[in-house]
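User: Please examine the interface in the following model.

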Number of protein chains: 2
Amino acid sequence: MDAKIASPVVDCLQYANWSADVFAQMRAGGVHGVHATIAYHENFRETVANIIAWNRHFERHSDLIFPGRAGSDIERAMREGRTAIFFGLQNPSPIEDDIGLIEVCHALGVRFMQLSYNNQSLLATGCYEGEDPGITRFGRQAIAEMNRVGMVVDMSHSAERSTLEAIELSARPIAITHANPHWWHPALRNKSDTVLKALTRSGGMLGLSLYPHHMKGGSNCTLQSFCAMVAETASRYGVAHLGIGSDLCQDQPDSVVAWMRNGRWSKVTDYGEGSASAAGFPRQPSWFTSNADLGNLRDGLCKVGFSNEEVSDIMGGNWLRFYTQSFGPM
Amino acid sequence: MDAKIASPVVDCLQYANWSADVFAQMRAGGVHGVHATIAYHENFRETVANIIAWNRHFERHSDLIFPGRAGSDIERAMREGRTAIFFGLQNPSPIEDDIGLIEVCHALGVRFMQLSYNNQSLLATGCYEGEDPGITRFGRQAIAEMNRVGMVVDMSHSAERSTLEAIELSARPIAITHANPHWWHPALRNKSDTVLKALTRSGGMLGLSLYPHHMKGGSNCTLQSFCAMVAETASRYGVAHLGIGSDLCQDQPDSVVAWMRNGRWSKVTDYGEGSASAAGFPRQPSWFTSNADLGNLRDGLCKVGFSNEEVSDIMGGNWLRFYTQSFGPM
């Protein structure tokens, strides 16, 4: 039996400049499921336009990809040699001020929503704010509604208190789809030991990020360093709570990272994790530049002492279990 | 076996002032499926607001109703003693000028769309226009897209040429969900023999209307007269192509019929099938005032000589077959 068929491979966060080339790389990398961001700052109608663009991808490239809706779609992808695409929102802007849009977005395929991006949202606080007053009145209701319909609360870009409160308030396990431990690399976007303990003790999942700003050494981070971090993370919180959320932003022009950071809210340029002298997307490490490189990660995890079963769980088995438990009605 | 369980009952057009009372009447009438209008002149975002209102109905009244998506939901309704609600649009206004919104609306549960209401639309001509240039360029593409995703082309309010062209252009059988034969009652909204022949020869369905303006004798139309018309219609076009599409607008204030007729397009009051002296909704005939009265219709059809099997086909069996064939991808 082909190893690619034997165990699922899932990347729980990407935002590529989607194309036939990227979809072909997903197949080359044996990736069965990808959580694809479809909105950063878009309102509802703009998000629907992005979904329509995805529907055209699904129609044109049905040999490579199909819409992912349930955990079983990962297994279908394994059988059919295709990749299931699961939609996610990095900001609650698509639901505007309307709790009814959560169920509508779910019907359109959205399976993850961050309660905040870097700024304060209507629901929660982002990690770049100076103050974090925690989950808002609307946020509490939104969490309950997301729980009801089967949309995962994602706190990847949220601030500490909001994140801890979301973990507490959510009746279902939540996810941090793309971040690393702050103790490995103290970036603003990486997560404290307190958060990671609360997340994993409540059954939540951490998607480990391969975005240079989240990694020790940045673009020069070695595969060995990354995998040693994964081993330490597994020993602290349990291997069952770990997956990949690469944050791969492949083939994107730098205007896209400017949009991510500034949306329509800023009249002065915000450089986020970058700087005025390095405003664009950082260079990916040589061992992870596309979906086709996910095999490198598997090899690296084997070398730091994980068993084959543990590697398979981190590469996708844990996400498969989480997706299966998370995307249906409560 | 309870007769209500033995054969499906489907009403393929209603626009009630939806309430717990109306849903309870659906159960009292043993109605398993209702095609409910969710938009007359609404744009996309307004239609989504209407869907959100329906989602609240589904949540609050889950003992009585549930969202209908496939023909098999009629059978589920029969098993569970509930009513499946199928969404439809009386105008293409919800897809605006965006062909991608057809698939989006389908994902949100829309299973029928009229290509035009009474006026010219971007897709086709309505039955109140003086000229009918036929299906437009956008209309041809919309029909193909509706065929692809499984949304039924409904020409109930469309003009003659547009209707004949839609029948010809559609790769799947279409429907006239709510109208009667023009030879029985020569109302503008009723359909010519030419249309009914083309419709039924191509496998399409006619939903017979119980709206007074579509009936001989109007509000005083007798059950016997209506059922005799059904018998003649069956003898001309075949019983397999007939169902009910009552056009029941129960508990609606007259402001709603004014909205149907005038939308936002008219600065002077258009009375449609009514008149200045009778501007409101017409009175329903005494034998059909709510969903609870559908049993009367069954009795009336038996009395004009239909077999039990034929009555069951007209009351819902034919719609069940049509729904099963029509709502999935091509």
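The questions below concern the contact between the chains.

Analyst: This is a predicted model, in which local features need pLDDT of at least 70, side-chain atom pairs count only at pLDDT 80 or more, and totals for chains, interfaces and linings use all residues. Residues are numbered from 1 along each chain as its sequence is written, chains are lettered from A in the order in which they are written, and side-chain values use heavy atoms, without hydrogens and water.

User: How much area do chain A and chain B bury between them?
Analyst: Contact means heavy atoms within 4.5 Å, and 17 residues from chain A and 17 residues from chain B take part. Buried area is the accessible area (1.4 Å probe) that two parts lose on being put together, summed over both. Carbon and sulfur atoms carry 58% of the buried area, which is about 1400 Å².

User: Which residue of chain A meets Arg45(B) in a salt bridge?
Analyst: A salt bridge places a side-chain nitrogen of Lys or Arg within 4 Å of a carboxyl oxygen of Asp or Glu. By this rule, 10 salt bridges cross the interface of chain A and chain B. In one of them, at 3.0 Å from N to O, the partner of Arg45(B) is Asp98(A).
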